[in-house]
Amino acid sequence: MPGVTASTNTSLPFVVSDFATLAEGLDYAARGETGCNFFGRKGELRQSLTYREIRDLAVTMAQRFDKAGLKRGTRVAIVAETSPDFLVFFFACQYAGMIPVPLPLTIHLGGHDAYVTRLRSMIVKAGAEVAVGPAEMLHYLKEAAGSLKMIGTPEDFYALPFEGGALRPFTSDEACYIQYSSGSTSVPRGVLVSQQAITSNARGIGRHGLDLRQGDRSTSWLPLYHDMGLVGFCLTPMLSQITIDYLATKNFALRPLTWLKLISEHGSTISFSPTFGYELCVRRGLNGSAKTIDLSRWRVAGIGGEMVRAEILDRFVGTFGVTGFSAKAFLPSYGLAESTLAVTFTPLDQGVEVDRVDQEHFAQTGSVVSVKRNGIGSSRAARPFVICGVPLPDHEVEIRSELNVALPDHHIGRVVVRGPSVMDGYFNDPVATSAVFTDDGWLDTGDLGYMTDGRLVVTGRRKDLVILNGLNIWPQDVEWAVEALEDVRASDVACFSVIEPGEGERMIVVLQCRLHDVAARESLRKKVVATVRKTCGADCQVVLVPPKTLKFTSSGKLSRSAVREDYIAGEIFDLNLAVGQSGPARAAFSEQRK
Amino acid sequence: MQWTADTVQTEVVQLLEPFNPKGIELTPETDLSADLYMDSVAAMNLVMEIEDRFEIDIPISLLPDVNSLQDLVDVVLAQLSKD
């Protein structure tokens, strides 16, 4: 049984992200003893590779690519399992001057056709000529890709000759990889990340955001086909010779506490998760592990990837505080794949800071007024927003109006970003690219927010905003409230608005319903309407649908716009209507049809 | 314990019972998502139960091809034969 890789190199000086390309960074990290460890479903060590071993395997694989006649610039689709093979092929591309395209996994029972369609659109859009994936997934790849120049398992590629193959690594002014990001499943958009963008972002994260130091160790269950997993917990640590302990996403989802056990056992200091990861842990609870789990060395518990929800993080501290976990370790951040990964970080060792704003003022004016806890107006409803911090050095964030005019502090508008981490564009997609850049060259993130003393606060997605009778309603507020009901699960709810001619905007709440009894469904519908009314003071129409109706983007976020399109197209309709139920559902349906 | 196709099937049916509140009859043809309304959360819970019961690892890459109860039994048998 091999041991895990060390957290510290014995003789190699610690260098934080001071490299012009990934290959240069890996060459350096390979001179030490740190590396990557892969753990199984119960937290047992499965495989361990030093950066030297990863580099050696990547270099010979790059020679094989050359010997096989693959040209520089070739796109290589790689199924991004959390495995040594993914790292080897990703870095082999760096030494071969070829562009890796990480492909997602899926967990949907019986989702074969949808998955193949998604892979196909990604492979086609990237113009990939090579595809590699584990044996049990090869049939999806073959079905999705049709005929490519080369398609096979890692073993197939390892069997190719390498002697005499040339290395032709990317230079600092070239591309690095393609990251599929936002955008619906059917029309994927691949961010072309350059060597400059990834090394700039890793520098900002390493030096500014996390202040990486000798002895830091990272742990991750984040999928490697997602920017937070790939950039945050593969490329950035490598560029600073930091050891990474990996847990496959599936194993985290099944047994979330394994994440915390790994952090405890191996003395990790840095790990990130969207809010829901912390929520999963809270739901499991400590289960008597309090005595064995020690989270006191966890100095950066990052949160990103979706809106940060302070109340969940408070509950995490409530549950796991006894393990030595410090609330000051929480590090809210903001970013997006179009800016490689990170845009803003809050200061280290500060914890979550919340701006409490006047709910009514906020809803009616599009600007915010902070509410002091004990000041005048404390009786008014306050809406808490988590502050996401300041931009990385050399990066700028502004808030713009719909007319692209810069807005002052405390005014809600479009969040735009500029800096060296921002992409040049989506791969092979000038139309999508020009749609996300302003005329003066800033990236429009598609998010809404405001600034307060140079710090960014994100309030939601622009296009998802529901406006009813002049009231701004954030759909995630409605969704979270409904998800908290009994018989409803996370990711079961989509809220959006439709504009009816002559009627103005109406709010629709689509809810995936597992109840079989017609009366029970109607009772749930009433509860949802009441809850929504309590949450935002507005009425909504509830549409109960079967599980698996809602659509998600390639990064797993709810796609309200896709659900909305399905609704308008008449592809989504109420379960109780389907069984011929009369009553409220029928009435609601006929109303929506008129 | 030496598993056979029959005992695996019996065991899988038992593990599926909590996901079958309506108590429909479970046959090899039962469709997990269409008949039992299993979504990905339920699927992950089922995978965990199965992994723990049979002491096997189920790669999630197999799930898209699992439609029926029989498909699930076949996956378990295939993974058992690997260990």
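Which residues in H1(B) meet which residues in H3(B)? Select B:Ala5, B:Val8, B:Gln9, B:Val12 and B:Leu16 in H1(B), and then B:Leu69, B:Leu72, B:Val73, B:Val76 and B:Leu77 in H3(B), which they meet, contact being counted when C-beta atoms, placed from the backbone, lie within 7 Å. By class, this contact has 9 nonpolar, 1 polar and no charged residues, where Ala, Val, Leu, Ile, Met, Phe, Trp, Tyr, Cys and Pro count as nonpolar, Asp, Glu, Lys and Arg as charged, and the others, Gly among them, as polar.

This is a predicted model, in which local features need pLDDT of at least 70 and side-chain atom pairs count only at pLDDT 80 or more, while totals for chains, interfaces and linings use all residues. Residues are numbered from 1 along each chain as its sequence is written, and chains are lettered from A and ligands numbered from 1 in the order in which they are written.

Now show the axes of H1 (residues 5-16) and H3 of chain B, which come within 10 Å and cross at roughly 120 degrees, axes being lines fitted to C-alpha atoms over the stretch in contact, with angles from 0 to 180 degrees between N-to-C directions.

Next, select B:Glu55, in the loop between helix H2 (40-54) and helix H3 (69-82) of chain B, helices being DSSP runs (H or I) of at least four residues and strands runs (E) of at least two, numbered from the N terminus. Phi of B:Glu55 is near 55 degrees, a positive value in a residue other than glycine.

Finally, go to A:Asp211, in the loop between helix H7 (195-209) and strand E9 (217-220) of chain A, where phi is near 45 degrees, again positive in a non-glycine residue.

Notes. Contact = placed C-beta atoms within 7 Å.
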